[in-house]
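Visitor: I am new to this structure and would like to learn how to read it, beginning with the whole chain and ending with single residues. Could you guide me through it?

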Amino acid sequence: MAVPEPLVCNLNTGDTTWIIVATAFSLMMGPALAFFEAGLLRAKHSLSIITQVFAGTCMLSCLWLLVGYSLTFGTSIGGIIGGFDHVLWLNVPYDKCGSHTPNIPAALHALFQMMFATITPLIMTGSYAERLRWEAFLIFTLLWEILVYYPAVHWIWGGGFLAKWGVLDYAGGIVVHTSAGAGALAIALFLGPRADFLQYMGEAPPSNVPLAGVGAALLWMGWFGFNGGAAMHAGNLAVSAVVSTHVAACVSCMVWLVLSMWNHRPAATAMFNGILAGLAGITPASGFVSTQATIAIGLLCGLLAYYGSQISKKRFHIDDALDVHWIHGATGSLGSILLGVFGRRAGDGVNDYWLHIHSSPWQIFIQTVGVVFVGCYSFAVTWGILAAMKARMGSLAHDDDAQEAGLDWVDHGEVAYCRLNVLRDIRATHPDAVSHINGIALPSEEDYMKHSTGKHPGGGGLAIRPNAARDGYQNGL
């Protein structure tokens, strides 16, 4: 991550204030991710994804406090991992700077980095959505954070061997998006497709597109803190990062919008995904490239994510539910390599050139090495974690009946919306498997809706929709 050289400890109130604000914006990205994914999934699974993200945020924050910050930014052990000098944030003061940030308190740097640590494994929830068992989610997330994310952070941001080789990553293209994208691909291949994958070719009707839009908007806003805060000071570098963040999102969104219009009609979900593809792609380069170069990066990342996600599901039948390995993984990797193409050299001003294509061939090569190494490492370790878990726990995914019932009820015994018709439809289509799903008794629809306040079948004061097909679409069934 781009930080000033730690020469003299000189705490700056302006920089401190900006990083506090950026931390708050970055924290917002967790709930935003939950809303975005819940809106794009079927209604009977939407609460499960929200629960995973909220629980994961709290669990991973505690882990970061316990050992995470120390293992990533502690004294390097052979350039591989940090030491234990900051366990429980020991020697992480509030009134002094740290070795990585001479201008803000060390504790604020640790808190800002916590936001990255919490959201990175949770990006993968969009890959295994609608099928991973709850206990498997908890164990996998913990192991992946320790075995994949912490080493990757130390290698590039904590003074590890990739940093010494010269690999650059402004705000997480490799550390966050390449690692999560490779992990998402591994888990999608390992778990296999959902029971009804071929029915929808992996694109089941979303339950709440407006909710997904709210999530996408909050992610967009949160990314300003994510990338802008990575400058670690309030200055021209932060301004450059924020401008690049917005420009790349808009360019990539227009790519997806035009292509969706060309192939069918302007789809809101296409615009949402286009925005995220641009945001992920510019993340590793946002503080290092000009505005004009940002346009090129946004354009290329938008094209890559759009066509890649189409080919992945339709041709190879890879059931990455929300296309994480393309929208995050592939774009973050491409942006990291393009940093070697468009990145400004030390001493170059923000507006010196219309388009920066002057980095050395070595930087392009070393960026590619960093992407390939972290991507392959993440894929291999993710697969190993899953294999070990399966050997110990059995199947990591719910069976077909549980998926049909919906993870909201099977895992949590709750419903996302007051009117779902989930159980009634299961009884109609699976009369021999309705008494128990995954060992959990299914109540009658009347019991299921016992908290409804309305007196008509719609419950909760909702108007009854007369169109059965529309009702099924809105309920994500």
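Guide: Let us begin with contacts along the sequence, keeping in mind that this is a predicted model: in the protein chain, residues 24 or more positions apart account for 76% of the contacts with a separation of 6 or more. The secondary structure of this chain comes to 19 helices and six strands.

Visitor: What share of the 477 residues in the protein chain is buried?

Guide: Buried residues make up 57% of them, where buried means under 20% relative accessible area. The protein chain exposes about 19100 Å², and carbon and sulfur atoms supply 66% of that area.

Visitor: Which residues make the nonpolar surface patch?

Guide: The patch, of about 540 Å², is made by L299, L300, L303, Y307, I311 and F316. Of these, Y307 lies in helix α12, which covers residues 291–314, and Y307 is partly exposed, with a relative accessible area of 42%.

Visitor: How should I read the backbone angle phi?

Guide: The general idea is that most residues other than glycine have a negative phi. Here, E130 has a phi near 75°, a positive value in a residue other than glycine, and H317 likewise has a positive phi, near 55°.

Visitor: Where is E130 placed, and is E130 buried or exposed?

Guide: E130 sits in the loop between α4 (125–128) and α5 (134–156), and E130 is buried, with a relative accessible area of 4%.

Visitor: Where is H317 found?

Guide: H317 belongs to the loop between α12 and α13 (324–342), and H317 is partly exposed, with a relative accessible area of 38%.

How values were computed. Residues numbered from 1 in each chain as written. Predicted model: local features only at pLDDT ≥ 70, side-chain atom pairs only at ≥ 80, totals over all residues. Heavy atoms only, no water. Patch = residues over 30% accessible without salt bridge, like charges linked within 9 Å, V, L, I, M, F, W, Y side chains within 5 Å. Areas by Shrake-Rupley, 256 points an atom, 1.4 Å probe, with all protein chains shown as cover. Salt bridge = Lys/Arg side-chain N within 4 Å of Asp/Glu carboxyl O. Helix = DSSP H or I, 4+ residues; strand = E, 2+ residues; numbered from the N terminus. Buried < 20%, exposed > 50% of the residue type's maximum accessible area, 1.4 Å probe, protein only. Contact = heavy atoms within 4.5 Å.
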